[in-house]
Amino acid sequence: MIELEADLTLQNKRFAGITLAKGTYLYCGSANGPGGIAARVKRHCKADKKPHWHVDELTSNGAGRVVSVLVVPGGNECELRAGLQDQSTPVPVPGFGSSDCTKCASHLISTGVGNHLMVLRSLAGAA
């Protein structure tokens, strides 16, 4: 879960000029490389890093901050996204985080402004 405290205009060449509104976003990704999920989340939490993945633009240079992480051991990022995204919710950036995926419009989900506690309760089954 990433919180953007201000609007962010993307610079990545594929998404250049698209503006993400201030608010809470869910990013569904996998971490199959060295160090697994712990290393990937640690990297995403660092503000100063060389961009590699689409999500890096949201978590670099103070643009946004990781406010929560849900780990699903053996989980599938596409199934997680499908379970989290309300079908009536528009995709904020088509293709974001899903350039190697043939079934998802995006792996980034917008939840609106200030909704991270509601989303966490929902994920925990308390809402």
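Author: The open sheet is formed by 4 strands in the order E5-E1-E4-E6, with antiparallel pairing, where strands are DSSP runs (E, at least two residues) numbered from the N terminus, and two strands pair if DSSP finds at least two bridges between them. Its edge strands are E5 and E6, each of which pairs on one side only. On average, neighbouring strands of this sheet are turned by 25° against each other, direction ignored, the axes being lines fitted to C-alpha atoms and the angles running from 0 to 180 degrees between N-to-C directions.

This is a predicted model, in which local features need pLDDT of at least 70 and side-chain atom pairs count only at pLDDT 80 or more, while totals for chains, interfaces and linings use all residues. Residues are numbered from 1 along each chain as its sequence is written, and side-chain values use heavy atoms, with hydrogens and water left out.

Strand E4, residues 23–27, is mostly covered, since 4 of its 5 residues are buried, a word that stands for under 20% relative accessible area (1.4 Å probe, protein chains only). Strand E1, residues 2–4, is joined to E4 by 3 bridges, and the two run antiparallel; Ile2 has Tyr25 in E4 as its bridge partner, and Leu4 stands opposite Gly23 in E4. E4 also pairs with strand E6, residues 108–112, in the antiparallel sense over 4 bridges, and here Tyr27 stands opposite Leu108 in E6.

Definitions and conventions: Buried < 20%, exposed > 50% of the residue type's maximum accessible area, 1.4 Å probe, protein only.
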